[in-house]
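Q: Could you take me through this structure feature by feature, giving the general idea behind each reading before turning to the case at hand?

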Amino acid sequence: MLAEQVPGFHITVLVHTAHAQRFNRLMQRLDPLASVELLQVTDMGPATAVELQRRVEAGGFVAIVGDRVPLRGGRTVPASFLGHTAQFPIGAYVLAAALACPVYTMACLHHGRGYQVRFEQFTDRIVLPRGSRDAALTAQAEHFARWLEVQVTQAPLDWFNFFPFWDQASHGK
């Protein structure tokens with residue numbers, strides 16, 4: 001586990017599930033030193049943003065999936081993906097801009113009989129200028145879609161969704 005290899009590694013994974021607290025209690029019982037915490041974020045408000053800022057400033061990481069549209073109220077932008085237009089959520093870019101932190105991508109792909117986890121720097125910082133915010137969000141989504149396309153092309157069976165990915169326009173609006 002990465003947390004065992006990197007002393008002081010802490011990650012908060014943002015999820016849309018009511019089971020986050022139960023999972024965290026289970027993790028605490030199994031490994032009291034576990035540095036992975038699921039944080040339920042049905043609604044992202046100022047208090048959550050302040051808490052995430054505190055965690056980032058303490059050297060922690062915040063993980064959010066870049067291809068999953070929020071359950072409600074999430075906005076998406078279109079990007080070219082695998083030869084088609086697909087909707088991608090903007091939440092990760094808005095959050096990263098608010099936290100003023102570097103952004104990394106992570107892929108976990110089959111490698112031989114196991115898995116290989118790869119982290120790549122996505123950008124030093126995301127800036128969303130007032131006058132061109134929508135264009136900047138679309139550019140970030142297109143950048144992510146190109147990165148995801150490489151991962152999916154390398155290991156197509158490792159990317160899966162439990163929702164109608166290609167029909168997200170109605171889910172994210």
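This is a predicted model: local features need pLDDT of at least 70, side-chain atom pairs count only at pLDDT 80 or more; totals for chains, interfaces and linings use all residues.

Q: How is a pair of aromatic rings described, and at what angle do the planes of Phe 88 and Phe 144 lie?

A: In general, a pair of aromatic rings is described by two quantities, the distance of the centres and the angle of the planes. Here Phe 88 and Phe 144 are 6.1 Å apart centre to centre, with 75° between the planes, and the pair is edge-to-face. Phe 88 belongs to strand β5 (residues 84-89) whereas Phe 144 belongs to helix α5 (residues 133-154), so the pair ties together parts that are 56 residues apart in sequence. Both Phe 88 and Phe 144 are buried.

Q: How many aromatic pairs does a search of the whole structure find, and what is the geometry of the pair formed by Phe 81 and Phe 88?

A: The search finds five aromatic pairs. In the pair of Phe 81 and Phe 88 the ring centres are 5.7 Å apart and the planes stand at 85°, so this pair is edge-to-face, given that planes over 60 degrees apart are classed that way. Phe 81 counts as buried, at 0% relative accessibility. Ring pairs also link Phe 81, Phe 88, Phe 144 and Trp 147 into a cluster.

Q: How should I read the buried residues of a helix, and which residues of α5 are buried?

A: The general idea is that an α-helix has 3.6 residues a turn, so residues three or four places apart point the same way. In α5 the buried residues include Ala 136, Leu 137, Gln 140, Ala 141, Phe 144, Trp 147, Leu 148 and Gln 151. Among the elements that cover the buried residues of α5 are β4 (76-81), β5, α4 (91-99), β6 (103-111) and β7 (114-123). The helix α5 itself has 22 residues and reaches 32 Å from its first C-alpha to its last, close to the 32 Å expected at 1.5 Å a residue.

Q: What does Leu 109 touch, leaving aside residues up to four places away in sequence?

A: Leu 109, which is found in strand β6, touches Gly 114, Tyr 115, Gln 116, Arg 118, Gln 151, Gln 154, Ala 155 and Asp 158. Leu 109 and Asp 158 are 49 residues apart in sequence, yet their C-alpha atoms are 6.1 Å apart in space. With a relative accessible area of 10%, Leu 109 is buried.

Q: How many residues line the second largest pocket, and which of them lie nearest its centre?

A: The second largest pocket is lined by 13 residues, of which His 10, Ile 11, Thr 12, Glu 37 and Arg 55 lie nearest its centre. About 180 Å³ of space lies in this pocket.

Technical notes. Residues are numbered from 1 along each chain as its sequence is written. Side-chain values use heavy atoms; hydrogens and water are left out. Rings of Phe, Tyr and Trp (its six-membered ring) pair if their centres lie within 6.5 Å; planes under 30 degrees apart count as stacked, over 60 as edge-to-face and the rest as tilted. Buried means under 20% relative accessible area, exposed over 50%, partly exposed in between (1.4 Å probe, protein chains only). Helices (H or I, at least four residues) and strands (E, at least two) are DSSP runs, numbered from the N terminus. The expected span of a helix is 1.5 Å times one less than its number of residues. Contact means heavy atoms within 4.5 Å. On a 1 Å grid over the protein atoms alone, a cavity is a set of points where a 1.4 Å probe fits but cannot get out, and a pocket is an open set with protein on both sides within 12 Å along at least five of seven lines; lining residues have an atom within 4 Å of a point. Grid points are joined across faces, edges and corners, and a volume is the space filled by probe spheres set on the points.
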